[in-house]
Amino acid sequence: MPTDLAIDVTGVTKRFGEKTVVNAIDLQVRRGEIYGFLGPNGSGKTTFIRMLCGLLTPDAGTGTCLGHDLLTEQAAIKRHVGYMTQRFSYYEDLSIRENLDFIARIYAVPDRPSAVQRSLERLGLANRSHQLAGELSGGWKQRLALAACLIHSPQLLLLDEPTAGVDPKARREFWDEIHQLAADGLTVLITTHYMDEAERCHRLGYIAYGSLLARGTLDEVLATARLVTWTVSGPDLRALADTLRGRPGVEQVVAFGNTLHVSGRDATKLEAAIAAVRDPRHEWQRIRSGLEDVFISLMDEAKDNFS
Amino acid sequence: MNRFNRHRLWAVVMKEFIQMKRDRVTFVMMIGIPLMQLLLFGFAINSDPRHLPAAVRAADQGPFARTLVQALRTSDYFALVREAGTEAEARRLLQLGEVQFVINIPEDFSRKLLRGERPTVLVEADATDPAATGPALAAVNALAGSVFNRDLPGPLARLQAKNGPVDFRIHAHYNPENITQYNVVPGLMGVVLTMTMVIITGLAITRERERGTMENLLATPVRPFEVMVGKILPYIAVGYIQMTLILVAARFLFNVPMVGSLPLLYAVSLIFIAANLAVGITFSTLARNQLQAVQMAFFFFLPSILLSGFMFPFRGMPPWAQAVGSCLPNTHFLRIVRGILLKGNGLSEIAPELWPLLLFVVVAMTIGVKRYRQTLD
C-alpha cells in the first residue's frame, strides 16, 4: 500500500558539476518508522535529505515524500516536514521564545501563542524562554532546534546528525523523545555516526560514495555483509595485530580495549589465517560482527568498487 | 625560557600570506582599490572643469556678436552646444541641467559697441555647484578686456575702454552667494544612502547564509522572494530615517534652501533606495561572508562618491569618467535632489534623470534575483 510510505523514492540522483554526490538511491520509509541513515562524512547523506525536504531538486529520479511529488510539489512537502540541520541554524541573537514564535509565524501555525507555549513546556524550555539562543549550551540548542522543527506538527522529521557534540545523557533523552514521537505516528529519518544510536532505529540504510550499500533491520544489515569476526585476548596483542594484518582473508584488525577484533568476509580463509598464528596463551572466540565492523567492511568494499 | 624564535615568526608570516592568497576578494581589494583611486584621482578628477555646456541667446547676429561667441568658444571653458531662441527656453535649459550657462547677447549689441556705450552681456550660470562654475566665470571676466582687440583696429581702438568694451553681467542662479554647502549637503543624501543601503543589505543576507540560518529558512514554506522583500522593507524605513535626518540638518543647520516639493523628493528617493538595495542583494549573492560583502560595497561606493559629481564637478571629468558616472544611480539622484531642493524642479524637469534610475533598478534587480535563486540550488 503506497499510502503507508512516508518516503517512497527511486533513482534519486544529484550532481554538483562533474561529481555525482547522490547516485540513484531508492528508499522506502514507512509511516511511524525511525529510519537511521548512516555513512561516512561526505557520502551524500545531507544532500539526499535536502532533496527530500524540497531544498534541492534532484537531477534524476522520481518519488514522493508524504504523498507529494518530489519534483513538482516541493512547497507542499515543506509544509509537512520538519528539518533539523546539521549545524544549529536558528537565530542566536533572538531569544528562545522569539525563535519559536518566528518559525510558528512562517508556518502560519493556528493559535500561535499557545502553540509556542506548549512547545516550550514539552521540551522543558519554559523557564528559559527569554534566554538568547546564542547563550545556550550544545544540548539546549539541540532541544530548541527540535522544538522549532516540531512546532508546525510535521508528519515527517528529517534530522541531520542531531546528536553530534551532545553528552550521553542528553542523547538518551533525545532518543526517548524521538521514540515517543514515532509512537504517536511521526516518521523520522535520522543520520548519525553513533552505532548505539543506529541500533535504536527500526531500520537502517548505509550510504557511501553516494550509493545506498545496505539496508534493512539491524540483523538484516549485519547479514548482508556476511562478515565473520573473531575476538582474541591475551598477551602481546600489538605484535599479533601486526602479524595478522595483510594476511589473506584478514580484512580488519581493530583493537577494542584489551581484545582484538579480527574480521573478514571469507570465513575459511580467515580461519586459516588465524590457525597459522595460534598460540596457547591467546584465547580466540567467534563473535557476532558489530555494526561498526560491518560498516567499515562495506566502506572498504565500496572503495574497491568506486575507485 | 621562551625567547623570540624566528622560525615561529616565519611560520605566522607564511600562514598569513597563504590566507591572503586564498581570500580572493581581499586580494583583489588590495590591488584594486589603489588602482581605482589612482585612475579616479589621477585622470578623472579635474577641479578646473572645461568645456562646460552653454547656450547662446543671440538677439544680434552681427560680426561683433560672432566674434564674442568665437572668443568664448576658444577660451575652452565653454562648449556652445545650444542656441536658445527665447528667455523661457534658456531658463528651461538651465533648469534641466542641459547647459550650465546661458550667454545673452542683446539686440543692440553691435550698435552700442560702436557707440562706445559698453553693451551688457548677461551670463546666466547654474551655480548649484560653485566649484563647476567658478573658473569659467573668472575666464569670462578676463575675456572682456581682450575680445575685440582684432576687431577694433586703428581709429576704432578708442572704443577699447579701460574696463573693456563689453560689460559682462553675471547672474548666478539657484545659489547666488556660491555657498558650497548648498551643493554638498543635499548631495550627502545620495552618498549616505548609497553607503548604508548597499552595505546593510549585503550584510543582512550574507549573515543569514554565513550562520546557516538561510538553509533552515528555505526548508520552511517561506518563499525566497518573501525572504528577500521581508529583509529589505525594514531597511527602506532606515533609508527614509537617514534622509529625514539629513533634510532636517540641511534646513536648520546649514540653511539650505528648499524650493521644490519635499513629497516629490521622498517619492523619488524610493527608486534610488531600491537601486542601492538591488546592488546590495547582488553583492550578497557573490560574497561568501560578511567581510567580503563590505569589501564589495566599498568598490561600489568609491566611484559613487568620486564620479557622481558629489565631490568634483561632473562636467569637468573626461568623457570615459562621465560615462562611468552616468551608470551610477548616485549621479542621477544627486541631480534630482539638487534640482528639487535648489531649483524647485518638478516631475517633468527631473524625468530625464528618473528613467536611468529606473533602468538601473530593473537591471540590478534582475541580476540580483537571478543570482539569489542560483545560490539556493
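Trainee: How many helices and strands does chain B have?

Mentor: In this predicted model, chain B holds 14 helices and five strands.

Trainee: And what are the counts for chain A?

Mentor: Chain A has eleven helices and 14 strands.

Trainee: Back to chain B. Which of its strands pair, for example strand 1 with what partner?

Mentor: Strand 1 of chain B pairs with strand 2 of chain B, which covers residues 78-83. The two run in the parallel sense, and the pairing extends over five bridges. As one residue-level example, B:A54 has B:L80 in strand 2 of chain B as its bridge partner.

Trainee: What unit do these two strands make with helix 3 of chain B?

Mentor: Strand 1, helix 3 (residues 63-74) and strand 2 of chain B form a β-α-β unit, and that unit is right-handed.

Trainee: Where are the domains of chain B?

Mentor: Domain 1 of chain B runs over 52-173, and domain 2 of chain B over 180-374. The C-alpha centres of these two domains are 39 Å apart.

Trainee: How many residues does each domain of chain B bring to the contact?

Mentor: Domain 1 of chain B supplies eleven residues and domain 2 of chain B supplies 14 residues.

Trainee: Which elements of domain 1 of chain B give two or more residues to that side?

Mentor: They are strand 1 (52-58), helix 4 (87-96) and helix 6 (130-146) of chain B. Helix 6 of chain B gives the most, namely three residues.

Trainee: What about overall dimensions? What is the radius of gyration of chain B?

Mentor: Chain B has a radius of gyration of 27 Å, whereas a compact globule of 377 residues would have one near 21 Å. Along the principal axes, the C-alpha atoms of chain B fill a box of roughly 95 × 55 × 35 Å.

Trainee: What share of chain B is buried?

Mentor: Buried residues account for 38% of the 377 residues in chain B.

Trainee: And B:L358, where does that residue lie, and is it buried or partly exposed?

Mentor: B:L358 lies in helix 14 of chain B, which spans residues 347-374. B:L358 counts as partly exposed because 14 other C-beta atoms lie within 10 Å, while a buried residue would need 20 or more.

Trainee: How far is B:L358 from B:E208?

Mentor: Their C-alpha atoms are separated by 28 Å, and the two residues are 150 residues apart along the chain.

Trainee: Let us turn to chain A. What are its span and its buried share?

Mentor: The C-alpha trace of chain A spans about 70 × 45 × 35 Å along its principal axes. Of its 307 residues, 41% count as buried.

Trainee: Which domains does chain A have?

Mentor: Chain A is divided into domain 1 (2-222) and domain 2 (228-288). The C-alpha centres of domain 1 of chain A and domain 2 of chain A lie 39 Å apart.

Trainee: Last topic: how many residues are in contact between the chains?

Mentor: Ten residues of chain B are in contact with 16 residues of chain A. On the chain B side, four residues are nonpolar, four are polar and two are charged.

Terms used: Residues numbered from 1 in each chain as written. Chains lettered and ligands numbered in written order. Predicted model: local features only at pLDDT ≥ 70, side-chain atom pairs only at ≥ 80, totals over all residues. Contact = placed C-beta atoms within 7 Å. Nonpolar A, V, L, I, M, F, W, Y, C, P; charged D, E, K, R; others polar. Helix = DSSP H or I, 4+ residues; strand = E, 2+ residues; numbered from the N terminus. Rg over C-alpha atoms; globule rule 2.2 N^0.38 Å. Buried ≥ 20, exposed ≤ 12 C-beta atoms within 10 Å, placed from the backbone. Domains from an automatic or database assignment. Pairing = 2+ DSSP bridges. Right-handed = clockwise from strand over helix to strand, strands pointing away.
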